[in-house]
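Subject: Handover of a structure

Dear colleague,

Please find below the structure that I am passing on to you. My findings follow directly after it.

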Amino acid sequence: MHISEGVLSAPVLVGGGMLAFAGTGVGLRKMDYDKVPEVAVFASAFFVASLIHVPLGPSSVHLVLNGVMGLVLGWAAFPAILIALLLQAVLFQFGGLTTLGVNTVTMGVPAIVCYWLFHKAALKASPSLSTFATFLCGAGGVFFGAVLVALALVTTGEAFLPAAKLIVLAHMPVMVIEGIITTICVRFIKRVKPEILEVAHGRSF
Amino acid sequence: MEGAFSSYCCSRQCQFLASMILLIVFVIVASPSTAVAHRVYVYAWVEGNKVYTESYFSSGDRVRKGLIQVYSPDGKKLVEGRTNDKGEFSFAIPQRTDLRIVLNAAMGHKGEYVLKAEELGGGTSKKTEKTISEKVAKKETMKVNVPSTGVSEEKIRIIVEKALDARLKPIARSIALLREEKGPGVTEVVGGIGYIIGLMGVVLYVKGRKKAR
């Protein structure tokens, strides 16, 4: 879901850049000393996830992992995504430097929306509800990302509903896979090191 | 007390970090075929009077129904069309200048390829090529009774050009393929993770100094 260079107009790029800057600022301020390594791990995971290609569906799509990043990192997901996207743009030529801001927003905002929507249910509720919420969190990250990409493309003259439908449909398989990965990941963290989820959230919010 | 706690915490976190990175590296190494992602490529080559293009994602999948637009150097749109199921699209050479071939594969994916004027060849239009082949055919039938002194310089040039064209076609195509960069390799991936770890160090340093103060 990287938007390439030369697709969007200047005002959209500048607006995206400003939003990304603000989000990154908030994320950096809310990031604890003890949380920095986790942020780095998830930035690495996000950076590499774009290489894991899902061969299902009509188009070529890859893992995003922004849902699970939001759930575990909260606002700190923003700087992590910015850094990972910057490195993807420089090293892989995915996306681009001018579209860095817009891409950070389309991936970072869903991470935070997912955090707000699902973290309570995912962490505190009964096991079955928690699993369900975690799954929705992983799938939701991709879903909201697709909607935001469609929204950004509207400014280029594409109609919103068809574009959104196309992108969401293309990412259906990824949504399911991300939901499953998020569930497994959160379960693993809960069993091995539950402080990551609880302590971190207690402090940063 | 505080120091002991944080160093304990840090070592646990370092363990976690190390295991996660090992996991990531394992995923990459274990699945080399998945080392692909989301970028589109378009490349083009010339055969006779036609320009052939092929479009694919960095995963190797062909771009189906991708929009191809061809622009002149001054930005005028010359040709527009959509790729077929194999990601191919071909068109007659519209003019003998540099051609900028832009692929728009929807969902914000865009790629382009510039075909230089020199690659478009010396400019044999369809009509002249036809007359050339007629001339060549005539010449071949005449060869039997006409001595070689009758072959004009022009005819030799045309024959050589045709033969060269046929020989060079596959080479031109593979050069076009080579000119396109390949997807990211292990170097880029490991390098990127290295950058992230380095940045982590910087952030930890800055935050640690703040904490100490």
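In chain A, 76% of the contacts with a separation of 6 or more are between residues 24 or more positions apart; two residues are in contact if their C-beta atoms, placed from the backbone, lie within 7 Å. This is a predicted model, in which local features need pLDDT of at least 70, side-chain atom pairs count only at pLDDT 80 or more, and totals for chains, interfaces and linings use all residues. Residues are numbered from 1 along each chain as its sequence is written, while chains are lettered from A and ligands numbered from 1 in the order in which they are written.

Confidence is given as pLDDT, the predictor's confidence in each residue, from 0 to 100. For chain A its mean is 85, with 92% of the residues at 70 or more. Over residues 199-205 of chain A, pLDDT stays under 50, and the model has 11 contacts beyond four places in sequence for that stretch.

Chain A contains 9 helices and 2 strands (DSSP runs numbered from the N terminus, helices being H or I of at least four residues and strands E of at least two). Read from the N terminus, the order of its elements is α-α-β-β-α-α-α-α-α-α-α. Of the 205 residues in chain A, 60% are buried (20 or more other C-beta atoms within 10 Å of the residue's own; 12 or fewer is exposed, in between is partly exposed, and C-beta atoms are placed from the backbone).

Helix H3 (residues 66-73) of chain A is largely enclosed by the rest of the structure, because 8 of its 8 residues are buried. Among them are A:Asn66, A:Met69 and A:Leu73. A:Gly74, which follows H3(A), has a positive phi, near 65 degrees.

Helix H6 (residues 127-154) and helix H7 (residues 160-170) of chain A pack with their axes 8 Å apart, at an angle of about 145 degrees. Axes here are lines fitted to C-alpha atoms, for helices over the stretch in contact, and angles run from 0 to 180 degrees between N-to-C directions. Residues making this contact include A:Phe143 and A:Leu151 of H6(A), and A:Phe160 and A:Ile167 of H7(A).

In chain B, B:Tyr56 lies in strand S2 (residues 50-57). B:Tyr56 counts as buried because it has 23 C-beta neighbours inside 10 Å. Its C-alpha atom is 5.8 Å from that of B:Val40, 16 residues away along the chain.

Yours sincerely
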